[in-house]
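I wanted to get my bearings in this fold before doing anything else with it. Here is what I looked up, in the order I went.

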Amino acid sequence: MNLLAQSTCCVNNAGAFGDGGTISDRALGVYTAVFWASVVLGVIVTGLLLYAFVKFRRRSDADDPPQFHGNTRLEIAWTLVPLATFLSLFGLTAANMPFINNIHTGTQYTVTVIGQQFSWTFDYGASSSGARVRSFGTLFLPENTDVALNIVSTDPPCKVSPSVSSGSTLAQEIATEGCGVNHSFFAPALGQQMNAIPGDVNTAPIEARQGTYYGQCTELCGVGHATMTFDVIALPMNQFQSCVFGNPSGSIDPTSKSCTLGGS
Ligand SMILES: [Cu+2]
C-alpha cells in the first residue's frame, strides 16, 4: 500500500477509470453498461442453471426424464434475447467510438507526442522565434478544450527534431525517418490510449477537466519501460497560454507559476 501511495503520491486521478474529461465519461458509460448487462445476464443464466439442476435432478436410477424433441418458443427466446443484448451493446459501442477515437471538429490545438526509449516529449509547435515549444514528461493541456494528439516514436540515429518542410508536420517527418520501437500513450483517467509505432502517425483526441493526471507507456519497450511515466496537467486557458506559449524562445519552465495548478 505504501508503494502504491508513493508511486502515485503527487498525482490525482491515477485510477484505471477516472472522470477526467468528456472522453473518459463516454468510455466509462460504455464500460458501465457492458458491466451491468453482464451482471444481469450472468445472474439470470446462473439462476436458471441452479433451478434446473435442483428441480430436474435424477432422483433414482430408474428415474427417466420425459423425452421430447425441441421447444420452438424456448429456442426463439434463447436466440433473440442474446442477439438483442449483443446488438444493443454493439450499437452503444459503435455510437461512442468516433467521439473517443476521432479528432473532434473545431480542434485548435495539436500536440505531437514523441515516445523515445525511455521518455516522452510533448511538442506544441514552433514559437515565434522558430524554436520548437516542448515539455518533457509532462503534457500541458488547456482545461475543457479539445486537443489533437499526433503520436509517434523515434530513437537515435533519427532525430526528435527533423526539419519540417512546408505542407508537412513534425509527426509526419519523424514517422518518415522510421526509427524507434513500439510505445503506447496511456492516460487512464482521461480515457485515452494510443500506440506510438515507428513509421506511423497515430492520432487521438484528448480533453481534460482542470487537474493533474497520471500517464504511462503501456507497451513493453525495453529495460526502461517502467520509467516511461508522465503527468498530464490541465490548466485554465490563460495559464496554459502563458505556460506553453508565453516565452518567445519556446522554452517551457514546468516549475513556473503559470505551469502550476493553483498558480496564477
Ligand atoms: Cu515505452
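**Ground rules.** I'm working with a predicted model, where local features need pLDDT of at least 70 and side-chain atom pairs count only at pLDDT 80 or more, while totals for chains, interfaces and linings use all residues. Residue numbers run from 1 along each chain as its sequence is written. Helices (H or I, at least four residues) and strands (E, at least two) are DSSP runs, numbered from the N terminus.

I took two strands as paired if DSSP finds at least two bridges between them. On that basis I get an open sheet of five strands with mixed pairing, ordered β4-β10-β9-β6-β7. β4 (138–142) and β7 (192–196) are the edges, and each has a single partner, so one side of each has no neighbour in the sheet. Neighbouring strands here are turned by 20° against each other on average, direction ignored; axes are lines fitted to C-alpha atoms, for helices over the stretch in contact, and angles run from 0 to 180 degrees between N-to-C directions. I also checked β6 (residues 183–187), which pairs with β7 in the antiparallel sense over five bridges. A187 has Q192 of β7 as its bridge partner.

**Helix α5.** Which strands does α5 lie across? Helix α5 (residues 237–245) lies across β4 and β10 (229–235), at about 135° to β4. For burial I count other C-beta atoms, placed from the backbone, within 10 Å of a residue's own: 20 or more is buried, 12 or fewer is exposed, and in between is partly exposed. In α5 the buried residues are Q239, F240, C243 and V244. They cover an arc of only 110° around the axis, which puts them on the same side of α5; the arc is that of the directions from the helix axis to the C-beta atoms. M237 and N238 are exposed on the other side. I found the buried residues packing against β2 (119–126), β3 (132–136), β4 and β10.

**Strand β1.** In β1 (residues 109–116), six of the eight residues are buried, so the strand is largely enclosed by the rest of the structure. It runs parallel to β5 (residues 147–153), with seven bridges joining the two, and T110 stands opposite A148. β1 also runs antiparallel to β2, through five bridges. β1 and β2 make a hairpin with two residues between them.

**V152.** I picked this one out of β5. V152 has 30 other C-beta atoms within 10 Å, so it is buried. Its contacts (C-beta atoms, placed from the backbone, within 7 Å) beyond four places in sequence include T112, I114 and A171.

**Helix α3.** How many residues of α3 are buried? The number is zero out of 30, so α3 lies largely in the open. I noted a kink of about 25° at A95, shortly before P98; the bend is the angle between axes fitted to the seven residues ending there and the seven starting there.

Most residues other than glycine have a negative phi, and most peptide bonds are trans. I logged a cis bond joining Q117 and F118, omega about 5°, with F118 in the β1–β2 loop. The P156 to P157 bond is cis too, omega near 10°. N144, not a glycine, has a positive phi of about 50°.

Terms used:
Contact = placed C-beta atoms within 7 Å.
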